[in-house]
Amino acid sequence: MNDQESKFVKPLSLFSCAAALVGLYLASRYNYLLFHSLVEIFTVIVASGIFIIAWNTRRILNNNYFLLVGIASLFVGTIDLLHTLAYKGIGVFPGYGPNLATQLWIVGRYLQSFSLFAAPFLLGRKLRGGLAMALFLVTTTLLLAAVFGGVFPDCFVEGKGLTPFKKGSEYFISFMFLGALFFMRRKSEFFERQVLRLISAAIALFIAAELAFTIYTDVYGISNMVGHFLKLAGFFLIYKALIETGLVRPYDLLFREIKEAYSKLQSANEELQEQSEELHAQSEELQMQSEELHVQNQELARAWEESSRAEETLKKLNDELENRVTERTKELADTIHNLQLEIVERVTAQESVLRLNQLYLVLSETNQAIVRTKDRETLFNDICRIAVEDGSFKLAWVGLVDENNGALNVAASKGATGYLDDLKITITDEPAGIGPTGLSVREGSYYICNDFLGSPITRPWHEKGRTHGFRASASIALKQEGRVIGAMTLYAEKKDFFDQQQVELLQQIGADVSFALDNIVRETCRQAAERALREETVERLRATETLREKEQMLIQQSRQAAMGEMIGNIAHQWRQPLNTLGLFTQRLGFFYGQPIFNQEFLDTSVAKSMEIIQHMSKTIDDFRNFFKPDKAKGDFNVSDAIKNTLSLLEGNFQNPSIHIEIIENDHPVINGYQNEFTQVLLNILTNARDAIIEREINDARVIITICSEDDCAVVTIADNAGGIPEEIINKVFDPYFTTKGPQLGTGVGLFMSKTIIEKNMGGRLAVRNTATGAEFRIEVGNGIQN
Amino acid sequence: MESKTSPKTSISMLFVEDDELILEIQASVLIAKFPDVVLYTAVNGRLGLEIFKMHTPEIVITDINMSEMCGLQMSGNIRALKPDTKIIAMTGKTGQSVRMNSDDKEFEFDNIIVKPVILKELFSVIDRCIGEIEQNASRLECSMA
């Protein structure tokens, strides 16, 4: 696969490389500074790439050589970038000249050659990436400080060319690279063959580059250009090697050990096969010899009587044969013993692989169960079932800590659950609490007991364990939101069942289950919140309904109050004319027969009576109109509505005499229900009258002004009854708020007024105190202006 | 004092009512019914009080709710001037509510006529008042003699 791929890729990459080289060469022909900048920037990009890949794949790489070279690349790249910027003709660092660029170059090369030289020594050792990073940072900073501070030796003198220090450094650096190459190849077992080749080539290119740089006299010269090409190629090869190691073949690296183990196993197997065949061959040979012996025996029997001398010979032959058989048998036994040992070894290896596979299956199934299940009980049951069915454990159970007494209660179990009957396990410091399960819970990690029947800590359970065939057990603590809530314990029928790999897998299972528990808790919380929200919504709906019912009741009450008020008004208005009518009627009877009772007297009485009756009839019509529900909204003149209202109150404002003044600044028209508007005016005027009566105001006055303000009809009704106390002025529009006492006020008049003006008519009703009394202000949007 | 300076031979009566039509009709009936009684009329409490101060009538018939000085106020003032004046109140409201409105003044009318006025009732109340006044006058004469 890889070979095919590389065969396919190679021409393409070769072509692009060539194209890049030609492009760069053309750039150098055009402008050497451009070429230098481009080639250095490419180098810096590749160096950055090396760092990024090496740093981010450092766990997969598991190769400190690349990590160190990667980190070094970042700093070498940084210095090279500075070198590029300092280059003659760029002008970023004026006043330094070509010496600075050359100094930076040398610093970069020192750092690079040193890191490549040092890297092989880190192979197979521990390297902390952060520490290496910090060391490089400090070193680079110091070097740069030396360069910019002028402490660093001169490398290039204009006119003279390169200084001996610079040339010497380049040779020294070349030797460093040679050393790097040598030591790297000494540790070739750490690298793939192709990677080894790539790195070797890269270092060789670096050496060649150095040599090219020793001979130039002009920073724009040809040897300089070649040197840069070689350096770029070197970086690119390192990059390739890293890609090869870090990205293309990580799996090879990861599974190399497994592969090796597998091939070893295979070769052992083959050897075994060979030996087996050999054994078989020997066995056949033996058979043949045995048959031969038989024939000889027969011959011997026949010859027994024939020759007595032959007996001795035969005996001798027999002994010899016997010796040979014994020898052969011994050989055979040895071979068989060896074979058995091999078989045991093989079975052990196979078992280990099998166990590992089983645990992998358990982990996989557990993870599926975690994804599937939504509640804790199902999850516990599932993982126990998986452990027993897929993991072939004798018993798996999950125990949860009882916060009250420290006992572990069985939450789920599978397998030989008879073991759990009357089982006492706690997390306290007692024999029942220092078993594998108790320990893992208390320590919040895991506990492996690979000799269940031999370990002293499992003594309380030795007998039970033997009955159920347990030889090893493992317990993993289960955590929920970081707190240990219990443990899962597994029992295996083999001693030393749990090895390091299995322990890691068990830990993984424990971590996954704990993660799932956290998820379940979160899910439960979310559901509870949702439920609470739903309940709250229902509650709110209910409250809204209650509120609506209350409002309906208020409207009803308001209507009844208005009705009562109106009936009072009618009674008041009619009392006087009724009295007059009564007097007219009685007078007729009183004067009958007397000279005064003539035609004229009668006519006058009748005419006056009829006039009063007409007036009363009109009054009752006015009231009836007010009580008639408005069928539709309509435009009405505000001052007409006010005069209408006052006619309904006629009489009420005569005793005590209340002077009503209407100031009409405008003649606005409102669109709405006139009777509702009248009801509002009635409420406000009646309140004013009641206040005037209660406070016995002399010279009582109510001033009604009508005007227009910004497309609004504005009516203010001001009395001189002293105003509303400040502590209740904010409450007068509240429902059921009244100052008149339970018999006289219902507390809904002003509430309904506000509802009518603000809700039904989209206006505003407000109150304030003036110097002499209360002033209500009604603002309603203008209807069609007449 | 009155009896000393100008002993009265006839009874006088003051009728106060702010509704002029009622005033007219009721006055005409009262004149016809009590031809011997001198009748003064007034259209509000203030004028009524002025007339009372001028003529000190023995009987005062008054409406309660009036624009300028109500019947209660006027009656209070009259009582203060001459406590034995017979005051008959006419009201659209019931006697209870009249008392309620005036409880701070501790005022009580001798008689209350509820509107609409039934003339016979009014007449009998006036008759009774006249009777009481005449009795008092004769008692006073006796005591003087």
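In this predicted model, A:Val401 stands opposite A:Leu408 of strand β4(A).

Strand β3 (residues 395-401) of chain A is joined to β4(A) by seven bridges, and the two run antiparallel. They belong to an open sheet of five strands in chain A, with the order β4-β3-β7-β6-β5 and antiparallel pairing. Which strands are at the edges? They are β4 (408-415) and β5 (446-449) of chain A, each of which pairs on one side only. From one strand to the next, the twist averages 15°. Helix α12 (residues 376-389) of chain A packs on this sheet, where it touches β3, β4 and β7 (483-492) of chain A. The direction of α12 makes about 45° with that of β4(A).

**A pair of helices**

Now look at helix α7 (residues 164-186) and helix α8 (residues 193-214), both of chain A: their axes come within 9 Å and cross at roughly 170°. Angles over 145° count as roughly antiparallel, so α7(A) is roughly antiparallel to α8(A). Residues of α7(A) in this contact include A:Phe177 and A:Leu181, while those of α8(A) include A:Ile203 and A:Ile207.

**Where the chains meet**

Chain A also has a partner: 16 of its residues are in contact with 15 residues of chain B.

| Contact | Nonpolar | Polar | Charged |
|---|---|---|---|
| Side of chain A that touches chain B | six residues | eight residues | two residues |

Note on methods: Residues numbered from 1 in each chain as written. Chains lettered and ligands numbered in written order. Predicted model: local features only at pLDDT ≥ 70, side-chain atom pairs only at ≥ 80, totals over all residues. Contact = placed C-beta atoms within 7 Å. Nonpolar A, V, L, I, M, F, W, Y, C, P; charged D, E, K, R; others polar. Axes fitted to C-alpha atoms, helices over the stretch in contact; angles between N-to-C directions. Helix = DSSP H or I, 4+ residues; strand = E, 2+ residues; numbered from the N terminus. Parallel < 35°, antiparallel > 145°, perpendicular 65-115°, else oblique. Pairing = 2+ DSSP bridges.
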